[in-house]
Amino acid sequence: NIRLHGDRHTNFFVIDDYVEPANKAIGVTGDLQLFGNPVAKPWTRLHKSFSKDASSIVVDGNVEDWIKYQSINNLEVKIVVAATEMGPNEQEELTVSSISYDS
């Protein structure tokens, strides 16, 4: 896992007068190889709005592969739900515990 710490108030990392990659960046000089599990649908839309205290959400389409490798690798699967307005503090990070389908 790669975890970048800080928020929008964290001081910027400045390399020189021309390069200022903000406060969360990965710099590479050479090769970078990233590995993960491919997913058929890396993003989707909410099927309907949900409240902050909701215990479930409804999304469009089949997202079963989001947790496909969870039990094999004992990983916690997290998703980010962004607001339509896309303000800097208008997102929620949720942990996926299961996926169910309406018949």
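This is a predicted model: local features need pLDDT of at least 70, side-chain atom pairs count only at pLDDT 80 or more; totals for chains, interfaces and linings use all residues.

Student: What makes Ile 2 count as exposed or buried?

Tutor: Its relative accessible area is 58%. The cut-off for exposed is over 50%, so Ile 2 is exposed.

Student: Why is Val 28 called partly exposed?

Tutor: Val 28 has 39% relative accessibility. Buried would need under 20% and exposed over 50%. Because 39% falls in between, Val 28 counts as partly exposed. Val 28 also lies in the segment before helix 1, which spans 70-73.

Student: What makes Ile 2 and Val 28 members of a nonpolar surface patch?

Tutor: A patch member needs over 30% relative accessible area. Ile 2 has 58% and Val 28 has 39%, so both pass that cut-off. The patch is made by Ile 2, Leu 4, Ile 26, Val 28, Leu 32 and Leu 34, and comes to about 580 Å².

Student: How far apart are Ile 2 and Ile 26 in sequence and in space?

Tutor: They are 24 residues apart in sequence, and their C-alpha atoms are 9.7 Å apart in space.

Student: How do you know whether Val 77 is buried or exposed?

Tutor: Val 77 has 15% relative accessibility. Buried means under 20%, so Val 77 counts as buried. Val 77 belongs to strand 1, residues 77-82.

Student: How much of the chain counts as buried?

Tutor: Of its 103 residues, 10% count as buried.

Student: What lines the second largest pocket?

Tutor: Its lining holds 21 residues, with Ser 56, Ile 57, Val 58, Ser 98 and Ile 99 nearest the centre. Strand 2, residues 91-96, gives the most to this lining, with three residues. The pocket has a volume of about 640 Å³.

Student: How do the residues of that lining divide by kind?

Tutor: Twelve are nonpolar, seven polar and two charged. Ile 57 and Val 58 are in the lining, and Ile and Val count as nonpolar. Ser 56 lines the pocket too, and Ser counts as polar.

Technical notes
Residues are numbered from 1 along each chain as its sequence is written. Side-chain values use heavy atoms; hydrogens and water are left out. Helices (H or I, at least four residues) and strands (E, at least two) are DSSP runs, numbered from the N terminus. Buried means under 20% relative accessible area, exposed over 50%, partly exposed in between (1.4 Å probe, protein chains only). Patches are made of residues with over 30% relative accessible area and no salt bridge: like charges are joined within 9 Å, nonpolar side chains (Val, Leu, Ile, Met, Phe, Trp, Tyr) within 5 Å. Accessible areas come from the Shrake-Rupley method with a 1.4 Å probe; for residues, only the protein chains shown count as cover. A salt bridge is a side-chain nitrogen of Lys or Arg within 4 Å of a carboxyl oxygen of Asp or Glu. On a 1 Å grid over the protein atoms alone, a cavity is a set of points where a 1.4 Å probe fits but cannot get out, and a pocket is an open set with protein on both sides within 12 Å along at least five of seven lines; lining residues have an atom within 4 Å of a point. Grid points are joined across faces, edges and corners, and a volume is the space filled by probe spheres set on the points.
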